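Trainee: I am new to this structure and would like to go through it slowly, one question at a time. Could we begin with the contacts of a single residue?

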Amino acid sequence: MILNPISAIQVGRLAWNNRRNIKKIYHTAGVTVSDLMEPRLDQLILSAARELEIQPAVPKAIFSIESRLVALGENGLPLIRIEPHWWRKLTGRRTEKIRNPRSQDARWKTFELLLSIDEEAAIRSTSFGLPQMMGFNHRACGFKSPQLFLEDMKSGAPAQVIAFKRFVRSNRRLHQAMKDHDLRKIAHHYNGPKYRRNQYDTKLANAIERYRHDFVA
């Protein structure tokens with residue numbers, strides 16, 4: 001099915017602003033999610049990469065590892081991962097058993113429960129969106145409070161990519177590693193000193209190779 005330009009644009013706008021109805025929108029239009037979402041995301045990534053003076057395949061590779069290039073789930077909310085050890089560390093609730101469920105709906109139910117107990121600790125101990133940015137990095141991402149950070153993450157990919165860009169700029173060593181294309185240092189400063197346990201540098205190299213032609217003019 002061939003769409004005329006007007007209907008394609010309309011579908012794109014609806015897709016960004018109404019994720020709960022995304023399947024219905026794309027089915028009606030006769031296109032897939034990747035038809036509209038990935039080109040749009042690539043534009044956001046390319047813009048951020050130019051400002052950071054890094055190869056755009058690097059942030060795209062990171063996003064693919066962290067969230068499979070998904071900003072908002074089918075529930076219309078950012079993908080999250082709760083880090084129980086950070087929850088216990090920030091709240092002192094050492095004996096409390098917090099699980100990180102498999103489904104995003106279940107994770108959000110757990111997250112909302114944690115919010116009701118300690119809002120700031122809940123946000124700080126959870127990662128969000130495309131870059132799976134931890135809430136305790138809210139200041140590095142340009143927000144005065146975890147709550148403001150969370151609200152911005154909920155708005156979708158544009159805000160999430162901007163937060164990632166700010167975070168990279170705030171971390172001189174990470175930024176330089178990206179400029180130098182030093183994958184081990186990128187893995188160390190983004191994923192942590194134990195990055196070798198999950199072969200983050202290898203995953204990064206493979207993903208960069210996969211996406212390096214996506215931004216060729």
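Trainee: Which residues does F111 contact, leaving aside its neighbours within four places in sequence?

Mentor: This is a predicted model, in which local features need pLDDT of at least 70, side-chain atom pairs count only at pLDDT 80 or more, and totals for chains, interfaces and linings use all residues. Residues are numbered from 1 along each chain as its sequence is written, and side-chain values use heavy atoms, with hydrogens and water left out. Taking contact to mean heavy atoms within 4.5 Å, and leaving aside neighbours within four places in sequence, the partners of F111 are I80, I82, A122, I123, T126, F128 and L150.

Trainee: Why is the pair of W108 and F111 called edge-to-face?

Mentor: W108 and F111 both lie in helix α6, three residues apart, about one turn of the helix; helices (H or I, at least four residues) and strands (E, at least two) are DSSP runs, numbered from the N terminus. Rings of Phe, Tyr and Trp (its six-membered ring) pair if their centres lie within 6.5 Å, with planes under 30 degrees apart counted as stacked, over 60 as edge-to-face and the rest as tilted. The ring centres of W108 and F111 are 5.2 Å apart and the planes stand at 90°, so the pair is edge-to-face.

Trainee: Are W108 and F111 buried or exposed?

Mentor: The terms rest on relative accessible area, where buried means under 20%, exposed over 50% and partly exposed in between (1.4 Å probe, protein chains only). By that scale, both W108 and F111 are buried.

Trainee: Which parts does the pair of W86 and F136 tie together?

Mentor: Among the eight aromatic pairs found in a search of the whole structure, W86 and F136 form a tilted one, 4.6 Å centre to centre with 45° between the planes. The pair ties together parts that are 50 residues apart in sequence, because W86 lies in helix α5 and F136 in the loop between β3 and α8 (146-153).

Trainee: Is F215 buried or exposed?

Mentor: F215 is found in the segment after α12 (200-211), and, not counting residues up to four places away in sequence, F215 touches D42, I45, L46, P56, A57 and K60. With a relative accessibility of 18%, F215 counts as buried.
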